[in-house]
Amino acid sequence: MKEKLNRTIIPYLIISSTYFILFSIMYWLQNKYLEIDESYFGYWLPIIISTILVWFVIRKKLKNLVIEEKHYSITLFIVFILLTLPVITFTYYLNRESGKITYLNQPSDFFRKPQTMYYSIESTKIDKANYRFSVSQSTIDRGNEIAVGCYYIAPLLDKDKPSTSTKLWIGLLIGEKFSNRVLDDKNKQEKQISNFIDSSNSQFNKHQFQTKFLKKIAIAEEDNYKKALDNTDINPNNIIILREEQGTYETRTGSSLIWTLLLFTISNIAWFLLNGFQKSKNKPKSIV
């Protein structure tokens, strides 16, 4: 067991801890000083780095264990998941924990104060009469489903000074998934999608917006919302779109920190158990 500790268990603990700490620091710095798309830095980059670590570093450690060929690939994949999840979960926590909130009496106060991640507006009028919307369709689940999103935006106006000229809007996504299997009736599918898009307008009109806890639309989502302004005289680059957030500002991180610590612990315990149940390969004896 002592040999396993030195050759595989302790090295993995050092790798996972160093990776977690360094990436967290790097993410915090970019989150504070840069404005990089969250999906790239908080999701794809950890996946890429974890893949490199698993393939070029941890895979060599696994070669010290006796693992059947048929179990080797799945073992690598499990290690990849265990290495990646704590990092992604912690970036989610850091992103929301570091986000500050600005309290506004009315929408016109927005541009008089420094921009933050979250906002709370005390009094506002949502001008649903001048809404805009766009539709996005994409295939998911290996093409077995079609995801349809209706992106609605409406101006946020002062209650005492209503005006149709505003740079602050609120967004709402109404989405649905539809089966897209080979044997599905495509005419029926198109009709279902068309009916959903038509009914989304009624859902938008019935929706009761809450403006006590709002967040700026993420960079990755902006295009879908701003497409609603195509063929209008409104410059989409000059507007800010907010959306409702669940919960409250105080509970914005949820249980993500607990999950981070739990996943990091599970990662190292799982690696320890893997080494405990698998035999070590004997080192070739040196010839004197």
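Residues are numbered from 1 along each chain as its sequence is written, and side-chain values use heavy atoms, with hydrogens and water left out. Because the model is predicted, local features need pLDDT of at least 70 and side-chain atom pairs count only at pLDDT 80 or more, while totals for chains, interfaces and linings use all residues.

## Overall layout

The protein has six helices and eight strands. These are DSSP runs, numbered from the N terminus: helices are H or I with at least four residues, strands are E with at least two. Along the sequence the order is α-α-α-β-β-β-β-β-β-α-β-α-β-α. The radius of gyration is 25 Å, well over the 19 Å from the globule rule for 288 residues, so the protein is more spread out than a compact globule. That radius is taken over C-alpha atoms, and the rule is 2.2 Å times the number of residues to the power 0.38. The C-alpha trace spans about 90 × 55 × 30 Å along its principal axes.

Of the 288 residues, 40% are buried. Buried means under 20% relative accessible area, exposed means over 50%, and partly exposed lies in between (1.4 Å probe, protein chains only).

## Helix H2 and the cores

Helix H2 covers residues 38–62 and has a kink of about 40 degrees centred on Val54. The bend at a residue is the angle between axes fitted to the seven residues ending there and the seven starting there. Val54 is among the buried residues of H2, as are Phe41, Pro46, Leu53, Ile58 and Leu62. Arg59 is also on the buried list, along with Ser50.

What does Val54 touch beyond four places in sequence? The partners are Arg59, Leu76, Val79, Phe80 and Leu83.

Val54 also belongs to the largest nonpolar core, which has 27 residues. Such a core is a set of buried Ala, Val, Leu, Ile, Met, Phe, Trp, Tyr and Cys residues joined through side-chain atoms within 4.5 Å. Tyr12, Val54, Ile58, Leu62, Leu83 and Trp271 touch the most other members. At least two residues each come from helix H1 (2–33), H2, helix H3 (69–97) and helix H6 (256–277). H3 gives the most, with eleven residues. A second, separate core holds 23 residues, including Phe110, Leu156, Ile197 and Leu214.

Ser16 sits in helix H1. Ser16 is buried at 4% relative accessible area. The Ser16 side chain reaches the backbone oxygen of Leu13 at 3.2 Å. Leaving aside neighbours within four places in sequence, Ser16 is in contact with Leu83, Phe264 and Asn268.

Asn64 lies in the loop between H2 and H3. Asn64 is buried too, at 18% relative accessible area.

## Salt bridges

The structure holds six salt bridges. Each is a side-chain nitrogen of Lys or Arg within 4 Å of a carboxyl oxygen of Asp or Glu. Three of them are listed here.

| Pair | N to O distance |
|---|---|
| Lys212 and Glu122 | 3.1 Å |
| Glu222 and Lys226 | 3.9 Å |
| Glu245 and Arg243 | 3.6 Å |

Lys212 lies in the loop between helix H4 (186–206) and strand E7 (214–216), and Glu122 in the loop between strand E2 (118–121) and strand E3 (125–126), so the pair ties together parts that are 90 residues apart in sequence. Lys212 is partly exposed at 43%, while Glu122 is exposed at 54%.

Why are Glu222 and Lys226 separated by about one helical turn? Because they are four residues apart in helix H5 (residues 219–226). Glu222 is partly exposed at 26%. Lys226 is buried at 14%.

Glu245 is partly exposed at 22%, and Arg243 is partly exposed at 22%. A network of salt bridges links Glu221, Arg243 and Glu245.

Definitions and conventions: Contact means heavy atoms within 4.5 Å. A polar contact is a pair of N or O atoms within 3.5 Å; within protein, one must be able to donate a hydrogen and the other to accept it, and residues adjacent in sequence count only if both atoms are side-chain atoms.
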